[in-house]
Amino acid sequence: MRSRLMARTGLVLFAGLLLALMGLLASGPVRADPTTIHVWCGNTSGIEDGTQEHPYNTIGEALDAASHGDVILVAQGTYTQTIYIGKDIALKGGYEPTSWARDISAYITTIRPSSGRGVAVSIGYPYSHIA
């Protein structure tokens, strides 16, 4: 009877450990030091490095520069481009391009497909999200 109880306890512990491990794997890779990358289609300074002062002009440039876990903030404006998200990044719109304050009602960010029709954003990574 005691050996049966020990076997059952071991099985329950193993199942709990397996479920915990699966939960960690399902949450995706996490980067300890995510970078915030800025995008504004109105940047005409000639300098683009993804900072608040010199944001990229296109979301595609920001995606190319991004690593897994990074956050891309997109300022108000209309971005005519087709983008593919193949990294676990966060893409967030609705920002004012000088203070980078967020108000999705006041600072509308629109992504339109470059072809004029079809899909503008395609997500190919399970941990990416758009907000």
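Select strand β5, residues 90–95. Five of its six residues are buried, so β5 is largely enclosed by the rest of the structure. Buried means under 20% relative accessible area, with a 1.4 Å probe and protein chains only. Strands are DSSP runs of E, at least two residues long, and helices are runs of H or I, at least four, both numbered from the N terminus.

This is a predicted model: local features need pLDDT of at least 70, side-chain atom pairs count only at pLDDT 80 or more, and totals for chains, interfaces and linings use all residues. Residues are numbered from 1 along each chain as its sequence is written, and side-chain values use heavy atoms, leaving out hydrogens and water.

Strands pair if DSSP finds at least two bridges between them.

Now click Ile72. Which residue in β5 is the bridge partner of Ile72? The partner is Leu91. Show the contacts of Ile72 (heavy atoms within 4.5 Å). Beyond its neighbours within four places in sequence, they include Ile37, Val39, Leu63 and Ile89.

Then show the largest nonpolar core, which has 18 residues. Such a core is a set of buried Ala, Val, Leu, Ile, Met, Phe, Trp, Tyr and Cys residues joined through side-chain atoms within 4.5 Å. Ile72, Val74 and Leu91 are among those with the most contacts inside it. β2 gives the largest share, four residues.

Finally, zoom out. The chain has two helices and eight strands. Buried residues make up 26% of its 131 residues.

Note on methods
Buried means under 20% relative accessible area, exposed over 50%, partly exposed in between (1.4 Å probe, protein chains only).
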